[in-house]
Amino acid sequence: MDIDLDNVAFGQADLTTCEREPIHIPASIQPKGCVMVFSENGERLTRYSENVSHYLGLSNVRLGMSLAACFDATVASDILDLARQSASGKPAIRFDAKLFKHVRKDIVVHYSGDELVLECEEATPTWLQADLLTRQRRIAESVRNPKDVSSLLQNVVPFLRRNFGYDRVMVYRFAPDWSGKVIAEDRREGLESFLGQHFPSGDIPRQARELYERSLIRVISDAAFEPVPLVQETGLPPLDMTYMHLRAVSPIHCEYLGNMGVRASMSLSLIVDGVLWGLIAFHHYEVRQLTMAERITAKMVGELISLQMVALIRTRRLTLTENTHLFLSGFLRKATESGSFSDYIQNRIHELLEIIECDGGGIWLDGVWTSRRLTLDEACIGDLLTLVKQKGGHEIWVSDHLVRDCPSLEGRVSEIAGAMVIPVWPEGDDYLVIFRREIIQTVLWGGDPKKTYTTGPHGARLTPRRSFELWKEEVRAHCLEWTAEDMELASLLRTTLMEIMALSHQHKLQERIQSEALQRTLNDELNHRVKNILTIVQSIVARQPKDTDSVVDYSDALKGRIRSLANAHDQALAAKAGTTLRDLLEAELAPYDTGGKTIFLEGPSLVLTGQTPTFLALLLHELATNAAKYGAFSTGTGRLTVSWHHDTANDFWKILWSETGGPEISEPEQSGFGSLLLERAIHYNLGGRAVRKFLPEGIQVEISIPGENLEEKFSGFSKPERQRNEMADPVLASDLSGRSLLLLEDEFLIALDVEQALQEKTDMEVHPAASITEAVDLIRRFAIDMAILDVNIAGETSLSIAESLSEKHIPFVFTTGCEEESAVIARFPNVPVLKKPYEIDDLLKCLSGLSVWPVEGFLSRQ
């Protein structure tokens, strides 16, 4: 039999066409009252139910009558006033309204389009109205202060059944596919239970769900009722009866109830955030009439329960959101403090996977897959991400049936059944992937969800009772449903990761800009130094050999001077802390020492500390270069005297550079690099001053440096304010040979330099670690003899590692780039501290000390 699906009239639908039935325009009502419909101002009766004359006692009712003609003027005026009150969209209600001398009814007035609708029902007794207030209070008390939605619904269902007198009350929750499940139930003794059963989406078709969203209550007093048709003027469009209490119900729904044995029903809509969340279904197995007041009370209770549900859901969502915001703000803050954004995220992927309930996952970042717990192999991850990108990879993608949505994974996954893919950068291919394992469920359906229907004399109809036999279905390859809360948390997570990636890109851009600027500066400085070196080499080569020198002697002398020049260049670029002033001068002036009495150094042994060696090396290099170009070293008769002494009155060390015997000089018109060092660097960096004089006999420079920069003290790890055990004399580096050392350092280049230097000088077994996790693993796997611990490791501190080593009586040394002492260092007052940048020789002295110090005196008190 061919069925026309586009032209289904109300009352003519069957189970194959019920989704198209126009149930909001039935053109008929239930027989428990009557309806009259007038034009907008009550001037003309346009429609009325066939039972109006009998129900209201009107013998001469006819189309075209005015409202005032049907009733007296006072009643008509009252009805029009009620109609104006209903203009806000809500029907206006009046109980026990006097329509005629001996006729009192409950009436409902509202507008449907431009037409005024008047519904009349039997008046609610006064005693019942008072009783309903008591019922309403009891039900309201039952929903007070629930802990969650589930307990709210389970607590309220028994109150609803007792107070409204139905045989069964159920809460029916919709799934995303609009199938439903009974999640709470209270029933009369002897009735079978529907609790936990699922029902197919077709049981409540689409247009019925839309009607439930607009009209929050629907009552059927008798499923076997005979509908009362409307009498109406010809040519009128169908009357929209969505908000009418007396609206007739689809015959197919009445048949559905009849097949369940249900004679009367009521449904209350549960609306959460504007969406139909579920229904409270009331079933009775006999005819059950509710007065207007009872229905209004039930509707108010349904709205109260919905409000409580909204409050509970929003409170839970707010708590989750606040906790997630708090975690992610800390995560973001620590990420900005870390050296590498990518490493930071990859090392803390386990923290991100705790935000949304899952069984594992990972992050695909810069082409690298980093995962924790339950996961897929990289090939499967590649196929999954390819699919996500094809479907629009800039949005969050979820699947609760992975092999269905990504067929290429069929046969390649076992435990995993669902995935959430969160893009973390809109212009890249970086994704956070979250997995959920398979949950095997046995779903109890209230009938076969794939049922087919036979066609009989009345069309396709449900077979009575058999349609509701319990049907078991095992559901496999599905995971726990991804909820709206999961999606909201995923959105917050995505926003945070995108901020981190944006900061990472900005950081890389700034590094590139700074690197390019530094490279230009280095190129300029290199160019300057190369020209200086070439000038010095030219000066050295230009010196004529003595008449008695052989070619071999001259060649050897030339080679020696060039080697000295190289040594001086090294000294200028990497002046070491602890270098004496005489060492520095000898290294700088060695290329110009011809073996004659041309260079004189006069002064006590003086150790240079802090930044002093670096700036003095640069300055002396420039002075020596200028002497070679223009001054005492440019001739064979020049002489240089450098002397230094302590000005005790002002606590300044004074260094005097004095040239004589060179060519006549004059003050240059432009300042060079050496002038810049004299005029600004000595004052800016060392707090000293320099005076340069251009005398007839040669240039003279007087440099004054505060005594604090020249105090003789060890420049490595000891600090005056920290009490330390007296260290034994340093032992030879060979004593460290074969020792096993843990190197906890998150900067790769620093770790590489230290590791290579220690292996070259001591033949130690070095175990580098870039994170706390790696350090814990190395301590577990190897017998560590000593350790070097960077205080700050990628946003964390090394406190836990220090405590672990202390408990094992393994000595260690701290390194730090911070000027202020941290709480970690303060926790271990007897542990040496090396300030970055430190020299390898200082580190060796410190490690040698660790190898001989008493352990108990070295470690902090626990």
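**Exercise 1. How are helices H19 and H20 oriented to each other in this predicted model, and which residues meet between them?**

*Solution.*
- Start with the geometry: H19 covers residues 772-781 and H20 covers residues 799-807. The two pack at an angle of about 15 degrees, and their axes are 10 Å apart.
- Now classify the angle. Anything under 35 degrees counts as roughly parallel, so H19 and H20 are roughly parallel to each other.
- Check the hand too: the crossing of H19 and H20 is left-handed.
- Next, go through the contact. H19 brings Ile 772, Ala 775, Val 776 and Ile 779, and these meet Ser 800, Ile 801, Ser 804 and Leu 805 of H20.
- Finally, sort those residues by type: six are nonpolar, two are polar and none is charged.

**Exercise 2. Which kind of aromatic pair do Phe 812 and Phe 828 form, and are the two residues buried or exposed?**

*Solution.*
- For context, the structure holds eight aromatic pairs.
- Take the rings of Phe 812 and Phe 828: they sit 5.6 Å centre to centre, with 80 degrees between the planes. Planes over 60 degrees apart count as edge-to-face, and that's what this pair is.
- Now place the partners. Phe 812 is in strand S33 (residues 812-816), while Phe 828 is in the loop between helix H21 (823-827) and strand S34 (833-835). They are 16 residues apart, so the pair links distant parts of the chain.
- Last, look at accessibility. Buried means under 20% relative accessible area; Phe 812 has 0%, so Phe 812 is buried. Phe 828 also comes out at 0% and is therefore buried.

**Exercise 3. Which residues form one aromatic cluster with Tyr 166?**

*Solution.*
- Look for Phe 164 and Phe 282: together with Tyr 166 they form one aromatic cluster.

Note on methods: Residues are numbered from 1 along each chain as its sequence is written. This is a predicted model: local features need pLDDT of at least 70, side-chain atom pairs count only at pLDDT 80 or more; totals for chains, interfaces and linings use all residues. Side-chain values use heavy atoms; hydrogens and water are left out. Axes are lines fitted to C-alpha atoms, for helices over the stretch in contact, and angles run from 0 to 180 degrees between N-to-C directions. Helices (H or I, at least four residues) and strands (E, at least two) are DSSP runs, numbered from the N terminus. Angles under 35 degrees count as roughly parallel, over 145 as roughly antiparallel, 65 to 115 as roughly perpendicular and the rest as oblique. A crossing is left-handed if the near helix is turned anticlockwise from the far one by less than a right angle, and right-handed if clockwise. Contact means heavy atoms within 4.5 Å. Ala, Val, Leu, Ile, Met, Phe, Trp, Tyr, Cys and Pro count as nonpolar, Asp, Glu, Lys and Arg as charged, and the others, Gly among them, as polar. Rings of Phe, Tyr and Trp (its six-membered ring) pair if their centres lie within 6.5 Å; planes under 30 degrees apart count as stacked, over 60 as edge-to-face and the rest as tilted. Buried means under 20% relative accessible area, exposed over 50%, partly exposed in between (1.4 Å probe, protein chains only).
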